[in-house]
Structures are given as structure tokens and as C-alpha cells.
Amino acid sequence: MTAPLSAPRLLCDAQALCGESPAWDMATQRLWWVDIAAHRLHRRHPETGLWEIWQMPELISAVVCTSCSARPLVALKSGLFRFCAETGALTFLHSPEPGLAGNRLNDCTTDPAGRLLAGTMSEGAKAATGALYLYGQSGPRRLHGGLTVANGIAHAPDGARLYVVDSAAGVILKLAYDAPTGMASAPQVLAQYAPEQGKPDGLCVDAEGAIWVAFWDGARVERLAPDGAVLARYPLPVKRPTSLCFGGPDLQTLFITSARIGLETAGPDGGLFYLKAPAPGLPVTSANWPLSPLA
């Protein structure tokens, strides 16, 4: 990979139908991401170009790193699984909403303590039946409901705030959060977007507390202040950027996924992009949720 510049550049022409959930594994210096619609899990080493792809048996919406680099957590349509990169085996762990047939998992990440944060959504964005869950030692606890498409989950540098996107509603929410206990307040609206501005999708936070957001149908990434004010805009040569995460040895490279589903294009839509950010990202804590099935 050549040295990144301040403007987004194409890292690889992944041609993803719906690239999503980039996750940086600091131990191996590799980037995981998924293609939701193609049911694929990707892992790439940006420096060498080594690129591995695994076909999943069903829709995959997110990947979360654990302390074992070869065994991340993955969110499939039927629930959370542990994946073994060495064998391709999947081990079912849990489904947070087994009684809601029209719902599925969407975005997932960890809080500062390594607890899993998992968002759900209404398949096809039909109803506000999605929620945000926190997985503790005994299983999930619902932090907030009434979401249609739970997306873009991240925390502030001090762990005292959580951000979550409802893409269907075009809104970024913030919740006061107590990292030691995992308790959260009722959410407040940080930013609201009209349909013509594009839909906020993936979200991450840098070490200065600025919030980075990818805009589906908005052809851009924005860097926001903690109060929602726009600090910078980064146009992209694709219509549907989807999500983003920090990586690289110094955590100052921003990786950006995108989608080509529903578009008639011969361009780089669906590609994986990167840019050199003005501040490093936050280290992402590996998931320490029990990696064995829950009742």
C-alpha cells in the first residue's frame, strides 16, 4: 500500500455488492470486512495485498475481532457465531431476538471493556423493531429499542458516550454511558439528515473525540465535532460509502467500505478506500464476551 493521502484513495476494487463492517486486527495488521449481500467475509493485509475470502452460508452483516486473530465473531442472519479462519467452521453462540422473524443482526462492535455491542434491524427497513444490545457475561441486555436500522455503533474516547445511527430515520443518536457498568441513558439526537443529504451509515470515533460518518447515497464521509457540527467533508468517487474504521500501525489510516448494489456502474462502487486522517483512531478492544454458546 502506498502512503495514504488526505483525499480518499482506492485500496482495492472489491466490487462488493454491500461492503460493510471494516474491523482492524492490530495484532496481525490485517483488515476484516464483509459483503452482506454476497455472504462473504474478507481479510486483507494492506501492505502485502494478501487477500482472503470466505463464503458464508447466509447473509453476514458484521465481523468483530477477538483476542484470537483467527477466530473473530461474525453476525449472520440467524445470529452470532464464532468463526475459525483456519478451518472455516462456524460455531453458533446466540440470537438476541429469536422471536422476531422479521429482524436480523446488523452492525456490531465492542465497548471500552470489551463487551459486545450489537444492533438489530428490521429486514427491508420495514418497522422500528430494531434495538441496541450489550452482551455481558450472562448474555444480552437491551440498551435502546425503536430503531429501524441500527448502525454505526461507537463510543467516545472517555467511554462516557455511545453513538448509534438509525439509518432509516437519518439520525445519529448519543447516549450517556457508564463504561464500568454498561448502563446507558435514554438517547438524544446528535444530528438529523434530510433524505437528499444521504443516509448516515457506519460511524467511528477518533482520539480527539471527532465522529466520522459514512453517508449512503451521499458520496462522502464527514468528520463531526462531538456536538454534531461538521469539521470536514471528504467526497468519495462512489455513491454509497457504507462504513469505516481506523487501522494501520499508527491507527491513522481510515478504511472505508462501499456498496454497488442497486447501481448500474462501471466505476469503483463497491471498492475499499482509505485516507490519512488528521488524528488517530481509538484502539478497538477485542471482544471478551464468552465465546461459547449461551442458553
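Is aspartate 217 buried, partly exposed or exposed? Select aspartate 217 and you'll find 32% relative accessibility, which counts as partly exposed. The scale here: buried is under 20% relative accessible area, exposed is over 50%, and partly exposed is in between (1.4 Å probe, protein chains only).

Before you click on, some ground rules. This is a predicted model, where local features need pLDDT of at least 70 and side-chain atom pairs count only at pLDDT 80 or more, while totals for chains, interfaces and linings use all residues. Residues are numbered from 1 along each chain as its sequence is written, and side-chain values use heavy atoms, with hydrogens and water left out.

**Stop one: aspartate 217 and its partner.** Arginine 240 sits in the loop between strand E22 (230-235) and strand E23 (241-247), and aspartate 217 in the loop between strand E20 (211-216) and strand E21 (220-224), so the pair ties together parts 23 residues apart in sequence. Strands, by the way, are DSSP runs of at least two residues, labelled E and numbered from the N terminus. Arginine 240 is buried, at a relative accessible area of 13%.

**Stop two: lysine 276.** Pick lysine 276 and aspartate 250, another salt bridge, with the closest N and O atoms 3.0 Å apart. Lysine 276 belongs to strand E25 (residues 272-276) and aspartate 250 to the loop between E23 and strand E24 (253-258), so this pair links parts 26 residues apart in sequence. Both ends are partly exposed: lysine 276 at 29% and aspartate 250 at 37%.

**Stop three: a network.** Now select Arg30, Arg43 and Glu52, which are linked in a network of salt bridges. Zoom in on glutamate 52 and arginine 43, whose side chains meet at 2.8 Å, N to O. Arginine 43 is buried at 9%, whereas glutamate 52 is partly exposed at 23%. A search of the whole structure finds 11 salt bridges.

**Last stop: a sheet.** Show strands E6-E7-E8-E9 in cartoon: they make an open sheet of four strands in that order, with antiparallel pairing. Strand E6 (60-64) and strand E9 (90-94) stand at the edges with a single partner strand each, so one side of each has no neighbour in the sheet. Inside the sheet, E7 (residues 73-76) and E8 (residues 79-83) pair over four bridges; pairing takes at least two DSSP bridges. Finish on leucine 73, which stands opposite arginine 82 in E8.

Notes: A salt bridge is a side-chain nitrogen of Lys or Arg within 4 Å of a carboxyl oxygen of Asp or Glu.
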